[in-house]
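The exercises below ask you to read a structure step by step. Try each task on the structure before turning to its solution.

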Protein chains: 2
Amino acid sequence: MSDTKFDVVGIGNAIVDVLAHAEDAFLEEHGLAKGAMTIIDAETAEKIYGLMGSGVEVSGGSAANTIAGIASLGGAGAFIGKVCKDQLGDVFTHDIRAVGVSFETKADENGVPTARCLICVTPDAERTMQTFLGACVDLGPEDVDDQVVGASKVLYLEGYLWDPPRAKEAFIKAAKIAAEAGRQVALSLSDPFCVDRHREEFLDLVNNHVNILFANEDEIKSLYQVDDFDAALQYVRGHCDIAALTRSSQGSVVVAGEEVHVIDAEKIDKVVDTTGAGDSYAAGFLYGLTQGRELATCGHIGGILAAEIISHYGARAENDLKAVLAEKLK
Amino acid sequence: MSDTKFDVVGIGNAIVDVLAHAEDAFLEEHGLAKGAMTIIDAETAEKIYGLMGSGVEVSGGSAANTIAGIASLGGAGAFIGKVCKDQLGDVFTHDIRAVGVSFETKADENGVPTARCLICVTPDAERTMQTFLGACVDLGPEDVDDQVVGASKVLYLEGYLWDPPRAKEAFIKAAKIAAEAGRQVALSLSDPFCVDRHREEFLDLVNNHVNILFANEDEIKSLYQVDDFDAALQYVRGHCDIAALTRSSQGSVVVAGEEVHVIDAEKIDKVVDTTGAGDSYAAGFLYGLTQGRELATCGHIGGILAAEIISHYGARAENDLKAVLAEKLK
């Protein structure tokens, strides 16, 4: 295996989040599926944005959040994703580079704007997401840099990538490069509805291409179409090297063949906004893994990062993650 | 006096804030004047943004923040300011309308982008602002709607308006309309360096056109070029009907001829970010005033709103201001 330059390279939708507080009645009135991520077109995005309250714009995107988290911890991260050459594209590019991530994917100049995710945060801290994919639909295999993927210990993919039409071709190319270079491939299932949309493909991926799987309880149950967490756990056990399954306030379960760890959630004072919880868990876990930590420690680091992110508004860290980790992991 | 449609109409720079955490060493290294607002050109904006950490975008602008605060409290507010027809212009327009403010100024389509203010928030919660005025420089008297200004109880202006070249013409037109309709004119001095830049004009305004003056301690001392708060207080006393002078943790002093109120600051657990403190004080004060409250109560409401805004990151309210006020004012 040749030398690596990056710990993790992520491929995902490059998205700017628009966060606003909303009441449950607002979601019901406008038929928004609470807790889920729904793909919407430009017209619907404009309509929903017009109905939403005053917002805050923050760089987001599931895999991008994860890579940003890894870089904030001191890991070497790279990201592949498509923005447009517009103001929100500049914001996305600035923010991910500002935490030290290598991000060199060519921006679109065809006028299709940078993707945005309209996020309604209800008083229970749950987030409901409506995504306008914008420039993300232009991501294709030509955007996958062989050098970068070949030089990364882990290739990390978000399940949401199966929504835009050509991104899966980018994934196939990247997975091939990673396999040839002897790297590991990690996948996050992203969202139970996303699993519904792409179940057969995800099952094939998990069985044949993925070494490390991230899923929350709803997603893994959706993948195997079972009602019981333990049943899903038994299914996934033999199908990929490592599965890290998150369970909100019940912590996480990490399974790797015979090895199983049940890790308690970190205690926090108040959950403010769950946006980015899963992304941050994956960041902490992969940072630990690429630093050669034991699986239980990787799960613990994931839990620490998830707790940090849900204690404030927005999906990326406000605090010094290195300091948070040093404090919590001692 | 004819009927009014609005409690307060504000004229100001329409700005989107870009907030990022920074250390004091960062300000020193790049020669940024701590605590001040500095006007920068597009090239400098790009350079400083490139150096700043990952940020958050939130609608801002001093007078715009004040009018948004008044509307959030249930007051009827209107705003006049210039954005470009671009993504950040859409964000600004969406956010101010979302809280119920009437905002109908025609957006530029000439490609000069919407203004942004690069705000470095240091660990002591102080904010240091670098403003690229962008489309704001195109605000002129043609943007002042006679109907709106004539139908507002108070015309509110930010001192920062003296920085772009033609905005003062807009002010002169608006002040004339307000005077003819028998309305009150309020001014915020904005920033001690802004006072330095425009002292003679501000003195003339305060002496001859302004009924209600907002200033913090540094600004009022700068206006009269004195080192002592009480000396400044005595100067301003006879020059406008009402002066509301804010003193950070020392609360505020409201003076109106013989009437003087010294109002303690609200107690808060932790100051997170002082961005928007003065704007929020003015919002609370003017809301009280246009609701016919006594001056001491107006100052108290101002203090409550300022305390609310400095308890979180960003210059506009995250919480339900009506509920905050109902809780604190009982």
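Two residues are in contact if their C-beta atoms, placed from the backbone, lie within 7 Å. Helices (H or I, at least four residues) and strands (E, at least two) are DSSP runs, numbered from the N terminus, and axes are lines fitted to C-alpha atoms, for helices over the stretch in contact, with angles running from 0 to 180 degrees between N-to-C directions.

This is a predicted model, in which local features need pLDDT of at least 70 and side-chain atom pairs count only at pLDDT 80 or more, while totals for chains, interfaces and linings use all residues. Residues are numbered from 1 along each chain as its sequence is written, and chains are lettered from A and ligands numbered from 1 in the order in which they are written.

**Exercise 1. Find the confidence values that the predictor attaches to chain A and to the complex.**

Begin with pLDDT, the predictor's confidence in each residue, from 0 to 100. Chain A has a mean pLDDT of 94, and 99% of its residues reach 70 or more. For the complex, the predictor gives an ipTM of 0.90 and a pTM of 0.93. As a caution, where pLDDT is low, the predicted coordinates should not be read in detail.

**Exercise 2. Trace the open sheet and name its edge strands.**

Two strands pair if DSSP finds at least two bridges between them. From one strand to the next, the twist averages 25°.

Next, look at two of the pairings. Within chain A, β2 (residues 15–21) and β7 (residues 115–121) run parallel and are joined by 7 bridges, with Val18(A) standing opposite Leu118(A) in β7(A). Between the chains, β4(A) and β4(B) pair in the antiparallel sense over 3 bridges, and here Val56(A) stands opposite Val58(B).

**Exercise 3. Work out how helices α12 and α13 of chain B are arranged.**

The axes of α12 (residues 295–310) and α13 (residues 321–328) of chain B come within 10 Å and cross at roughly 125°. Angles under 35 degrees count as roughly parallel, over 145 as roughly antiparallel, 65 to 115 as roughly perpendicular and the rest as oblique, and α12(B) and α13(B) are therefore oblique to each other. In the contact, Ile301(B), Ile304(B), Leu305(B) and Glu308(B) of α12(B) meet Leu321(B), Val324(B), Leu325(B) and Lys328(B) of α13(B). By class, these residues comprise 6 nonpolar, no polar and 2 charged.

Methods:
Ala, Val, Leu, Ile, Met, Phe, Trp, Tyr, Cys and Pro count as nonpolar, Asp, Glu, Lys and Arg as charged, and the others, Gly among them, as polar.
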